[in-house]
Amino acid sequence: MREIIFPGQSVERTASREGTYMEGGKVYSKIIGLYDDSNGNIISLEGAWRPRMGEKVVGVVSEIGRKDTYKVVLSTNTEGIIISGRYERFRFKVGDVIEASIARVESESSVVLERPKPLGDGMIIEIKPTKVPRVIGKGNTMIDQIANLTKCRISVGMNGLVWLNDGDLRLAVSALRRIEREAHTSGLTEKIKKMLNGE
Amino acid sequence: MASAKNKPELLKNGKRLDGRDLMELRPIRIEAGVIKNADGSAYLEWGNNRVIAAVYGPMEAQPKHSADPARAVIKCRYQMAPFSGLADHGRTGPNRRATEISKVTREAFENVVLLNEFPGTEINVYIEILQSDGGTRAAGITAASVALANAGIPMKDMIYAVSFGKIGDKLILDLNMLEDNYSDCDMPMAISPKSGDILLLQMDGNLTMEELKTGIQQVINAGKTISAAQQDALKRFYTEKQQAGSGEGRSEAETTG
Amino acid sequence: MEAIDIVKSNYIRELINKGQRQDSRDLLSFRDISIKRGIIQNAEGSAQVELGDTKILAGVKVMLGSPMEDTPEQGNQIVSAEYWPGAAREFEPGPPSPEAIELARVVDRGIRAANCINLESLYLEEGKCWDVYVDVYVLNHDGNLIDASSMAVMAALMDTRMPKYENGVVNREDRTNKLKVNGVVATTTFAKIGDRIVLDPTGDEENAMSARLTVANDGKLIRAMQKGKSGSFNIDEVEELSRISLEKHAELKKIIGSEQR
């Protein structure tokens, strides 16, 4: 059974320490989430993005520094830095949308990026970072399905920024918004498939 | 406390003027997620009180010197809308009363929010009293607690607040405006229901030791009802949102090319 | 986050250049509008307007005041606006911003110019009159605050029940008489984005606009105008937008003027 769990509610068993804290030998939830009592998982329903090394992000170049360093907006709280290395020569301008990997997490508010790649023109939307794993799907199934059926080029960052271009953008955005709303329901891949096929 | 002069009868046949029993709460209804731009929000109706609360953050603390490198800082602003009262038109902007309430509210939340998880950031809590009928600071805290949970802010607990007071030698719970003005005691408290810890406590008037004990116990007992209203708001928000999702929703893009 | 707004603005310009909008609206259509009346019972009048995701609450308090020296036989109409910091990430607490003051003044101007409230009817006796305080609260900001606020204020005024003034004393127990409101002023706000013009811009569209024009009218006459931002309109555009504004009045009046409380 999956049920909504509130901050301060005690949980009998937990699979991971994510979303919980210990006090007096007992485990409590610290967030609003969905608790699955069969495996002890807590999925958070809300919350800010916490950067992790190796994650893929989408961002917008916001500042050009000295010696080809760039600042990149990733979220309201996190900024990325690109340092041009010997093997990575590129030129960006303010407003360029890029995808990159997190090379190093300096702090919650500052990360170093590597392998930046320009994404070109297009639109960006913000989705809740907690819903990104569902938007991507296991082994990219969900996002590949959307890209294939809408003929859009899509890049999803773990930070919640999504870049899209070409194809049926309106349909793709509707699908992304629906996944965001219904992230905690089951059979979502099929539902989205039907929606994209106009069924 | 107003003076005893012109003091109206606040109890008739053992009931309060609005028909409540001594320890009866006014009806509470909360709605979560009412401010689309906010990271978390809540609208609360508590008796005739109408309160809206919004949370933004954690985000980079501004100005930078206000940041604490070890933890997040909470910035809280309680304010009353100029049309919130019956008899007056209040001026906007914080007065001394609102500034004090903002401070004690912030301190209550600093106890439960896990501040060390977001060093260098700020969490903004805005509480606006759109209509007031006594007990607005308690209503504000109860609403803001839902807004913080709705924002996904990690917390040890979802706190609630309510006040107790006294008419003659009778203790009462959840004072309305009239009772607040003329009762013999007003004691607002904020409680962490998990531990029973008291996170906000103010009082003026007079109380015996015995009354103090009984009053605190009544505030603790009332927690079940208030917490249930908070949890119900969040449950409805997350389950109704999932049902509303059957439609196509608002599209944001037009086909290009 | 301004860099993200640049990307969004570029995309919106590209779309509008093709005559399209992000939410599939026509260039000259309003978003969905809903109005709730009388939600603040302590106030003499109130209304909450939702224009798409923009949410505005207007409250009216009627207080005993004194006429101004230069208008000794009139009451007063005082409109203020609060950019509630909970309404948008970029709103900051503090004294009213120039934007908030402009919002209040533009809303006030149309209603005042059309004499929607007959200020002489607010006169009570020598040295005494009613002051009608109208406060606009922005609760969520997604663009076009002016039109949403105008609707909320107009609806709140039409919802207003006057206190009684008896022997020098204000009685708020009995608020049965309605404030007399003459006519309905509605505003229409246009945004210039690239070379094209759209009605009722969203927040993202406002970030992309170079100029803004608001036209207030009562269905017959233009009653107030305000041009905003550093871009410009040519003479033909101003004439055309004024004409469209007059055309839109009937539609807006129907939404604002509904009698149900």
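What share of the contacts in chain C with a separation of 6 or more is accounted for by residues 24 or more positions apart? In this predicted model, the share is 69%.

## Chain C overall

The secondary structure of chain C consists of five helices and 12 strands. Its radius of gyration is 19 Å, close to the 18 Å that the globule rule gives for 261 residues, so chain C is as compact as a globular protein of that length. Along the principal axes, the C-alpha trace of chain C spans about 65 × 35 × 35 Å. Of the 261 residues of chain C, 49% count as buried.

## Helix packing in chain C

Within chain C, helix α3 covers residues 145-158 and helix α5 covers residues 235-256. The axes of these two helices come within 10 Å and cross at roughly 50 degrees. The crossing of α3(C) and α5(C) is right-handed.

On the α3(C) side, the contact involves C:Met151, C:Met154 and C:Ala155. These residues meet C:Leu252, C:Ile255 and C:Ile256 in α5(C). By class, the residues of the contact of α3(C) with α5(C) are six nonpolar, no polar and no charged.

## Chain B overall

Chain B has four helices and 12 strands. A compact globule of 257 residues would have a radius of gyration near 18 Å, and the 20 Å of chain B agrees with this. The C-alpha atoms of chain B fill a box of roughly 75 × 45 × 40 Å along the principal axes.

Of the 257 residues of chain B, 52% count as buried. Among the contacts in chain B between residues at least 6 apart in sequence, 69% join residues at least 24 apart.

## Contact of chain B with chain A

Chain B gives 35 residues to its contact with chain A, and chain A gives 33. On the chain B side, the elements that give two or more residues are β5, α2 (136-150) and α4 (209-244). The largest share of this side, six residues, comes from α4(B). By class, the side of chain B that touches chain A has 13 nonpolar, 13 polar and nine charged residues.

## Contact of chain B with chain C

The contact between chains B and C takes 29 residues from chain B and 32 residues from chain C. Two or more residues on the chain B side come from each of β5 (49-60) and β7 (121-131). The side of chain B that touches chain C divides into 13 nonpolar, nine polar and seven charged residues.

## A loop residue in chain A

A:Glu182 is found in the loop between α3 (169-181) and α4 (188-196) of chain A. Is A:Glu182 buried or exposed? A residue is buried if 20 or more other C-beta atoms lie within 10 Å of its own. A:Glu182 has 21 C-beta neighbours inside 10 Å and therefore counts as buried.

A:Glu182 and A:Ser109 are 73 residues apart along the chain. The C-alpha atoms of A:Glu182 and A:Ser109 are separated by 29 Å.

Note on methods
Residues are numbered from 1 along each chain as its sequence is written. Chains are lettered from A and ligands numbered from 1 in the order in which they are written. This is a predicted model: local features need pLDDT of at least 70, side-chain atom pairs count only at pLDDT 80 or more; totals for chains, interfaces and linings use all residues. Axes are lines fitted to C-alpha atoms, for helices over the stretch in contact, and angles run from 0 to 180 degrees between N-to-C directions. A crossing is left-handed if the near helix is turned anticlockwise from the far one by less than a right angle, and right-handed if clockwise. Two residues are in contact if their C-beta atoms, placed from the backbone, lie within 7 Å. Ala, Val, Leu, Ile, Met, Phe, Trp, Tyr, Cys and Pro count as nonpolar, Asp, Glu, Lys and Arg as charged, and the others, Gly among them, as polar. The radius of gyration is taken over C-alpha atoms; the globule rule is 2.2 Å times the number of residues to the power 0.38. A residue is buried if 20 or more other C-beta atoms lie within 10 Å of its own, exposed if 12 or fewer, and partly exposed in between; C-beta atoms are placed from the backbone.
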